[in-house]
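Biologist: Hi! Could you walk me through this one? I'd like to start with the charged pairs and then look at a helix.

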Amino acid sequence: TEEAPIIHGIFPCPVYITKRDTNLDSTEKKDIKDIIDKEGMYRNVGNSSSDNSYIFNGKLKKIKQFCEEQLNVYVKKVITPKEELDFYITQSWLNITKPGEYHHEHYHQNSIISGVFYISTVEDDTISFSDPNHKVKELIYFEKKEYNLWNSVTWSFPVNNNGLILFPSWLDHGVNPNKKATTDRISLSFNTFARGTFGNRK
């Protein structure tokens with residue numbers, strides 16, 4: 001009998017999704033209110049970001065600790081470094097996306113792993129990722145009868161309050177306008193870098 005064909009998925013891109021067990025406490029709610037009302041926000045492309053781009057340096061310590069713990073899990077499971085590396089959060093900032101607003105497609109420079117922690121999500125909330133090689137893959141373009149893991153150039157994940165997503169900083173991502181949203185979407189983004197020995201010793 002003829003052997004059934006096998007389709008292998010090679011060079012996958014890791015998107016790590018988890019959720020904190022606890023809701024925001026009163027201190028965290030106050031910190032977020034202070035960041036928005038006292039420290040201020042500036043208009044970004046399609047949304048607003050906090051003037052303070054290092055908010056983990058003085059506020060939201062428990063959320064920072066949760067993000068650092070999950071970052072360590074990501075590094076151990078995905079990167080599996082031979083040498084001991086200390087991954088740490090560099091920049092961290094708050095985003096507000098009002099109903100109908102969006103986050104343009106972008107990636108994060110000067111960072112290894114990026115993350116988004118969701119403080120307040122909206123109806124049918126998602127984050128979308130795009131294959132950075134789509135221009136090469138679609139030099140010859142075919143109409144799709146249905147999209148799957150092999151032929152999609154974008155992929156969306158639902159997001160919820162207290163959820164955390166970690167991904168390689170080079171991965172293009174964005175948020176489409178949400179016509180169902182009736183409240184503000186609030187998220188916290190951060191970048192990371194590492195201390196230690198990179199590459200080999202030769």
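Predicted model: local features only at pLDDT ≥ 70, side-chain atom pairs only at ≥ 80, totals over all residues.

Biologist: Great. How many salt bridges does the structure hold?

Modeller: There are 13 salt bridges in the structure.

Biologist: Let's pick one. What does R185 pair with?

Modeller: The side chain of R185 meets that of D125 in a salt bridge, at 2.8 Å from N to O. R185 belongs to strand β11, while D125 is in the loop between β6 and β7, so the pair ties together parts that are 60 residues apart in sequence.

Biologist: Are those two buried or exposed?

Modeller: Both R185 and D125 are buried. D125 counts as buried because its relative accessibility is 5%, and buried means under 20%.

Biologist: And what else is D125 in contact with, beyond its close neighbours in sequence?

Modeller: Besides R185, D125 touches F157, P158, V159 and N178, leaving aside neighbours within four places in sequence.

Biologist: Okay, another pair. What about D86?

Modeller: D86 and R195 form a salt bridge through their side chains, 2.6 Å from N to O. D86 sits in strand β4 and R195 in strand β11, so this pair links parts that are 109 residues apart in sequence. D86 is partly exposed, with a relative accessible area of 38%, and R195 is partly exposed too, at 46%.

Biologist: Now the helix. How many residues does α1 have, and how far does it reach?

Modeller: Helix α1 covers residues 26-39, which is 14 residues, and spans 18 Å from its first C-alpha to its last. That is close to the 20 Å expected at 1.5 Å a residue.

Biologist: Which of the α1 residues are buried?

Modeller: The buried ones in α1 are E28, D31, I32, D34 and I35.

Biologist: Why might spacing along a helix matter for which way residues point?

Modeller: An α-helix has 3.6 residues a turn, so residues three or four places apart point the same way.

Biologist: Nice. What do the buried residues of α1 pack against?

Modeller: They pack against β3, α2, β4 and β6.

Biologist: And what happens at the two ends of α1?

Modeller: At the start, a side-chain oxygen of D25 comes to within 3.1 Å of the backbone nitrogen of T27. After α1 comes G40, whose phi is positive, near 95°.

Biologist: Which residue does D25 form a salt bridge with?

Modeller: D25 forms one with K62, with the closest N and O atoms 2.9 Å apart. D25 lies in the loop between β1 and α1 and K62 in helix α2, so the bridge ties together parts 37 residues apart in sequence.

Terms used:
Residues numbered from 1 in each chain as written. Heavy atoms only, no water. Buried < 20%, exposed > 50% of the residue type's maximum accessible area, 1.4 Å probe, protein only. Contact = heavy atoms within 4.5 Å. Helix = DSSP H or I, 4+ residues; strand = E, 2+ residues; numbered from the N terminus. Expected span 1.5 Å × (residues − 1). Polar contact = N/O pair within 3.5 Å; in protein donor to acceptor, adjacent residues only side chain to side chain. Salt bridge = Lys/Arg side-chain N within 4 Å of Asp/Glu carboxyl O.
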